[in-house]
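Please keep the sequence and the coordinates at hand while reading.

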Amino acid sequence: MADKSSGLVQGTLDMLILKTLELEPMHGYGIAMRIEQISQGVFQVNPGSLFPAFRRLERAGWLASEWRATENNRRAKYYVLTAQGRKQLKGETREWAKQTAAIARILEAES
Amino acid sequence: MSLLRNLASGLRGLFRKEQVEREMDEELRGYLDAAVIEKMRQGMTREEALRAAHIEMGGAESVKEQVRAVSWESVVETLWQDLKFGLRLLRFNPMFAAAAILSLALGIGANTAIFQLLDAVRLRTLPVRNPEQIAKITIDHRGGASGSFSSRYPDLTYGQWEQIRAQQQGFSSVFAWGPTLFNISPGGEVHNVQGMWVSGEFFQTLGVEPALGRLLTPQDDHANCNSTGAVISSSFWKHQYAGENSVIGRTLSINRHAFEIIGVTPPNFYGVEVGRYFDVAVPLCAEPIINGEDSHLGRPEGWWLSAMGRLKPGWTLDHAATQLRAISPGIFEATLPPNFNPEQAKHYLGYKLGAFPGDSGSSELRSNFENPLWFLLALAGLVLLIASANLANLMLARASAREREMGMRMAVGASRGRLIRQLLAESVLIAGIGAGLGVLLARNLSQILIASLSTQNDPLFVDLGTDWRVLGFTAGLAGLTCILFGLAPALRATSVAPGVVLKESGRGTTKGRSRFGLRRILVVSQIALSLVLLVGALLFARSLNNIATVDAGFRQDGILVTDIDFTSLNLSNERRPAFSAELLSRVRAIPGVDSAATAAIVPLSGNGANHDVLMGTSDAPKDDAQTAAFNRVSPGFFKTLQTPLLVGRDFDERDVKGSPHVAIVNEEFARKFANGKNPVGMTFRIRSLRTISAPHEIVGLVKNAKYADLREDAQPIVYTSPAQYDHPDTDAQILIRSTAPLATLISEVKSSANQAHSDLDITFFPFQKMVQDGLLQDRLMAALSGFFGALAVVLAAIGLYGVISYMVERRRAEIGIRMALGAGQQAIVRLVLRETGVLLLIGLTAGVVLALASARTATSMLFGLKPNDVLTYAMAVAVLSTIAALASFVPARRASRLDPMAALRNE
């Protein structure tokens with residue numbers, strides 16, 4: 001299976017994870033599934049990128065984690081967006097919008 | 001905030017590693033479970049779902065590794081693992097580890113010890129308040145000066161000091177001081193301790209606070225003080241008075257005068273002279289009391305003081321020096337000794353005072369030993385370099401043995417950096433342990449060095465603290481050696497292309513060439529460096545041999561020098577010669593004494609007196625008057641020293657006061673003043689300062705003898721008889737030639753002297769020991785450079801042996817073929833030795849060039865040979881070649897005894 005997450009722009013995965021957690025705390029597999037579903041299968045995130053990203057975001061203070069029971073009554077580690085993470089997400093979203101708009105303008109001008 | 005969290009989380013990862021790992025396992029298992037359930041919901045069977053989920057996930061271990069790599073603590077952890085691995089490797093090869101660590105410990109220890117000494121005598125500042133404000137005040141470029149000198153630093157006279165104190169402006173306060181010896185024994189055998197004359201401002205200017213009692217102040221140091229206090233050092237207090245507080249107020253006898261002890265200095269204060277210490281300090285005004293007739297204080301031509309001062313805030317050294325220059329003419333005008341002749345006066349009035357940095361005090365030790373110490377540091381550095389090269393060689397050998405392992409690991413994905421880190425960890429361990437042991441070793445080595453430089457009359461004290469400079473130096477050395485011997489092999493080992501290494505079967509045939517090159521370069525540089533060290537060692541050894549066997553003009557052994565001081569008897573001038581003669585005849589009567597004589601100046605003691613000699617009887621002083629060295633000796637002096645009398649006679653009972661003045665001269669005198677003719681019968685006059693003596697008739701000619709120093713060229717010497725002069729001494733310095741054991745002789749001399757009078761001060765020292773103490777520097781250089789040279793040669797031999805053995809091992813197949821084709825054993829030995837010959841030739845050539853370039857710096861330390869002495873170089877080359885041949889002969893013979901069949905089958 002091709003790893004499409006490696007096609008992600010560096011740092012984008014972090015933003016996607018933060019965005020996914022904006023509504024509610026989720027566990028690792030849930031986050032991966034959510035990204036896949038919403039992107040309609042364009043992004044498939046593999047654990048080899050996902051878990052290092054969790055560790056990184058936790059260290060940065062944007063995520064917190066806690067152990068909870070899942071819907072299937074199993075124990076899983078849930079990730080929660082912190083206040084700092086919310087601020088970070090806002091900033092990154094704004095920046096992203098600016099950049100994509102700029103790139104779009106350039107591409108249109110060329111064609 | 002985020003940094004703090006990162007740190008906390010990292011530490012949790014380090015110390016609660018198991019829990020963190022367990023959580024990670026659980027999380028990954030949960031992920032897998034969730035994936036399986038999801039896939040089964042989509043319609044897969046359980047087996048299919050499990051398989052798909054596992055494939056999706058990849059290896060759980062690799063995921064975990066990636067997660068770990070995110071955090072900093074993993075770096076710490078791999079470092080720790082590398083060190084543990086390195087330690088295991090070292091434990092695996094205890095011989096290698098021991099050899100490596102020991103050679104590094106020796107190298108680093110020797111370097112650290114010498115650096116520690118340099119640091120103490122050269123780099124450290126005085127143990128006083130704000131030492132950077134202290135400056136030394138002295139005459140700039142004084143050159144030759146006339147007068148009488150005493151103390152190690154005869155910079156100024158008392159008159160000059162008084163003027164400086166009154167007129168200087170750049171210093172908030174100034175002080176004068178001078179080192180001396182004090183006899184603290186109230187009578188009998190002399191007990192000398194290190195004394196110091198200090199002006200009243202001494203302790204206040206330096207900012208030294210008393211540890212007990214009070215220190216001397218300007219009120220203690222006033223003209224004609226007749227009772228004064230003495231300050232003692234902390235170490236003297238502990239040794240002599242067991243550190244009791246009741247010491248204050250007790251009486252100390254100094255040259256038979258009672259002084260009250262008023263205070264003790266703090267433990268870290270040793271005075272202002274680096275390399276020495278003081279026991280007792282008394283004010284300058286006490287000098288006439290202690291020295292009596294010999295006092296310098298009132299003499300305008302008595303040089304015995306050294307001055308220092310603390311700069312006023314806002315004044316620079318240059319500024320203060322300018323002011324001192326400006327007041328110089330007035331000061332020297334006011335203090336001109338009245339008995340100077342016009343030449344001397346002109347010279348004297350031209351003096352200019354100057355100010356110099358004084359933050360590290362004065363030090364004779366520094367000026368005598370700074371160059372030798374830097375030189376020794378360079379030698380020790382070379383040894384360390386050779387030891388590092390050896391280690392690098394060993395590491396390279398091990399690296400090539402592990403080439404396949406490295407290639408394999410790189411092939412399965414280990415990064416080069418990671419491998420280098422791991423290889424370096426071992427080097428870091430060796431260097432670290434070596435440096436640790438080296439520091440321990442250095443403490444003892446430097447103490448031994450100091451002890452070997454100290455003599456009974458000249459005790460040294462160096463405050464050998466291990467400060468940041470020493471530690472930094474050692475750490476730097478360890479790091480440097482680590483890079484030298486660890487980095488190159490590590491880079492080498494990991495620079496392989498994995499494919500190439502794995503393809504190669506067993507040992508290589510041609511590819512070894514380039515990898516082998518580095519090891520050859522190492523051995524060549526080892527040979528070159530050890531040749532430099534060997535040349536140095538031989539130069540110093542031959543120099544010492546030259547100076548120890550130089551013809552001094554007398555026999556040094558079997559002579560005891562005793563000084564019997566009868567100042568305390570207060571004899572009148574008229575009675576002194578008779579008492580002195582009585583002492584001499586009593587000594588001569590001791591059984592076992594072959595001969596004895598008095599001498600005003602003991603040869604090679606460093607003391608001396610020079611006067612102008614005017615040949616003929618003419619009164620008119622010639623402009624080109626030349627000087628000769630003078631000594632006053634009793635009859636029997638030449639017999640005692642066994643200096644041959646060539647022509648004429650010795651002094652005898654005819655030569656007394658009132659009879660015509662007579663003199664005995666040496667060959668050099670005859671050459672210089674009598675055009676090489678027999679001088680017996682000629683007359684001359686002696687000019688000292690303004691006075692010109694009555695004519696002296698030369699009655700004898702003796703062989704040249706050394707006067708002040710074994711290194712000096714022959715100089716003209718005039719011997720006169722003390723019986724013919726006024727102002728006789730208040731002591732008798734007697735040279736005794738005897739075959740009796742020293743201890744018996746000493747007690748016999750003591751009891752005979754006691755029969756003459758029971759209240760005398762007596763000092764003893766064996767003549768030969770004094771002469772040998774004068775050669776300390778030569779012996780030190782010869783011993784240490786010899787030690788370093790031997791070490792270097794051994795290390796180079798080991799290096800060469802290693803490389804040749806390795807070469808033989810690599811060329812087994814070739815040698816086997818040669819033998820199979822009929823090459824004899826001798827041919828094989830020649831083949832291997834030729835290899836050595838090439839390396840040796842290159843190494844020796846480079847070494848000779850290096851040695852020639854560097855030996856010049858040792859010129860001033862050598863006696864009787866030049867630094868480019870051909871014989872020395874030839875000897876060094878011969879020694880090194882022989883040892884190199886031996887070192888490579890062993891592997892060569894092993895090669896020649898190869899079983900060709902076995903060698904070829906192995907291929």
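In this predicted model, chain A holds an open sheet of three strands in the order β1-β3-β2, with antiparallel pairing. The strands β1 (26–27) and β2 (63–69) of chain A stand at the edges of that sheet, and because each has a single partner strand, one side of each is left without a neighbour in the sheet. Between β2(A) and β3(A) the antiparallel pairing extends over seven bridges, and one residue pair that can be looked up directly is Ser65(A) with its bridge partner Tyr79(A) in β3(A).

The sheet belongs to a chain with four helices and three strands, which follow one another along the sequence of chain A in the pattern α-β-α-α-β-β-α. Of the 111 residues in chain A, 27% are buried. If one takes the contacts in chain A between residues at least 6 apart in sequence, 50% of them join residues at least 24 apart.

How many residues does each chain bring to the contact between them? Chain A gives 20 residues and chain B gives 22 residues. On the side of chain A that touches chain B, the elements giving two or more residues are α2 (28–38), α3 (47–60) and β3 (75–81) of chain A, and the largest share, eight residues, comes from α3(A). By residue type, this side of chain A divides into eight nonpolar, six polar and six charged residues.

Chain B is divided into five domains, which are listed here with their residue ranges.

| Domain of chain B | Residues |
|---|---|
| domain 1 | 2–71 |
| domain 2 | 74–124 + 368–504 |
| domain 3 | 131–359 |
| domain 4 | 509–552 + 773–907 |
| domain 5 | 559–772 |

The centres of domain 1 and domain 4 of chain B, taken over C-alpha atoms, are separated by 61 Å.

Chain B also contains an open sheet, here of five strands in the order β5-β25-β14-β24-β15, and its pairing is mixed. The edge strands of this sheet are β5 (188–189) and β15 (593–598) of chain B, each of which pairs on one side only. Within the sheet, strand β14 (residues 559–565) and strand β24 (residues 731–738) of chain B run antiparallel and are joined by seven bridges, with Asp563(B) standing opposite Gln733(B) in β24(B).

Helix α11 of chain B, residues 317–334, has 18 residues and reaches 25 Å from its first C-alpha to its last, which is close to the 26 Å expected at 1.5 Å a residue.

Met308(B) and Gly361(B), 53 residues apart in sequence, are 8.9 Å apart in space, C-alpha to C-alpha.

Two backbone angles in chain B deserve a separate look. Most residues other than glycine have a negative phi. In Asn130(B), however, phi is near 40°, a positive value in a residue other than glycine, and Leu604(B), which is not a glycine either, has a positive phi of about 65°. Asn130(B) is found in the loop between α6 (94–123) and β1 of chain B, whereas Leu604(B) has its place in the loop between β15 and β16 (610–615) of chain B. As for their surroundings, Asn130(B) counts as exposed because it has 12 C-beta neighbours inside 10 Å, while Leu604(B), with 22 C-beta neighbours inside 10 Å, counts as buried.

Notes
Residues numbered from 1 in each chain as written. Chains lettered and ligands numbered in written order. Predicted model: local features only at pLDDT ≥ 70, side-chain atom pairs only at ≥ 80, totals over all residues. Expected span 1.5 Å × (residues − 1). Contact = placed C-beta atoms within 7 Å. Nonpolar A, V, L, I, M, F, W, Y, C, P; charged D, E, K, R; others polar. Buried ≥ 20, exposed ≤ 12 C-beta atoms within 10 Å, placed from the backbone. Pairing = 2+ DSSP bridges. Domains from an automatic or database assignment.
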